[in-house]
Amino acid sequence: MKERMIEMTCPHCGHVFHIKRDTLGIAKISENIEKRLQDGTYFYHQCNHCHHLFYMIYPFLFRDPQRKFILILSDKKEIDNLPDDELVVRCKDPEQLVFCYRVLHQQLNLKKMVHFKRQWEKKWTNKAKFDRYDPLHHCLWIKVKEEYKAMILTKEEEKELRS
């Protein structure tokens, strides 16, 4: 893991502070990072001045060599020395990175999940957060406005999702 001091500004009150954060996470080695990516809290921070919670945005790379994916949150156009045999996903913000982590960690088809997410948000006219795939009940769990909803999958959808 690679830690560095990062300057942040609270988007609510403008308080400027420095915080030490990991900028690199590797599956099975960075277990605390993985746990916090899974529960969606990794990029959250509470301002010690105004006490609002907000997402911190800073350069971050997460790699899972076993599942063969790399997630990148960065403004850099090019990143050198990435393996050619792994899926590299550039994320625009922490929420997108958490979504991609949950999907790829469960070895689901990212393209299909992006399609589903668009459908959910159109249907419920709100942000829909993918929580998990439940193979026992053949459904996806989605959180909309703090309420969990189950999307029952057809056999065909489930097959596409697992490919």
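Me: Hi! Which residue does Glu146 form a salt bridge with?
Reply: Glu146 pairs with Lys143, and their closest N and O atoms are 3.3 Å apart. A salt bridge here is a side-chain nitrogen of Lys or Arg within 4 Å of a carboxyl oxygen of Asp or Glu. This is a predicted model, where local features need pLDDT of at least 70, side-chain atom pairs count only at pLDDT 80 or more, and totals for chains, interfaces and linings use all residues. Residues are numbered from 1 along each chain as its sequence is written, and side-chain values use heavy atoms, leaving out hydrogens and water.

Me: Is Glu146 buried or exposed?
Reply: Glu146 is exposed, at 66% relative accessible area, while Lys143 is partly exposed at 25%. Buried means under 20%, exposed over 50%, and partly exposed in between (1.4 Å probe, protein chains only).

Me: What stands opposite Lys143 in strand 10?
Reply: That's Lys129. Strand 9 and strand 10 (residues 139-144) pair in the antiparallel sense over six bridges. Strands are DSSP runs of E with at least two residues, numbered from the N terminus, and two of them pair if DSSP finds at least two bridges between them.

Me: What order do the strands of that open sheet have?
Reply: The order is 9-10-11, with antiparallel pairing. Strand 9 (128-134) and strand 11 (147-152) are at the edges with a single partner strand each, so one side of each has no neighbour in the sheet.

Me: New topic: how many salt bridges are in the whole structure?
Reply: The search finds 10. One of them joins the side chains of Arg63 and Glu86 (2.5 Å, N to O). Those two are 23 residues apart.

Technical notes: Helices (H or I, at least four residues) and strands (E, at least two) are DSSP runs, numbered from the N terminus.
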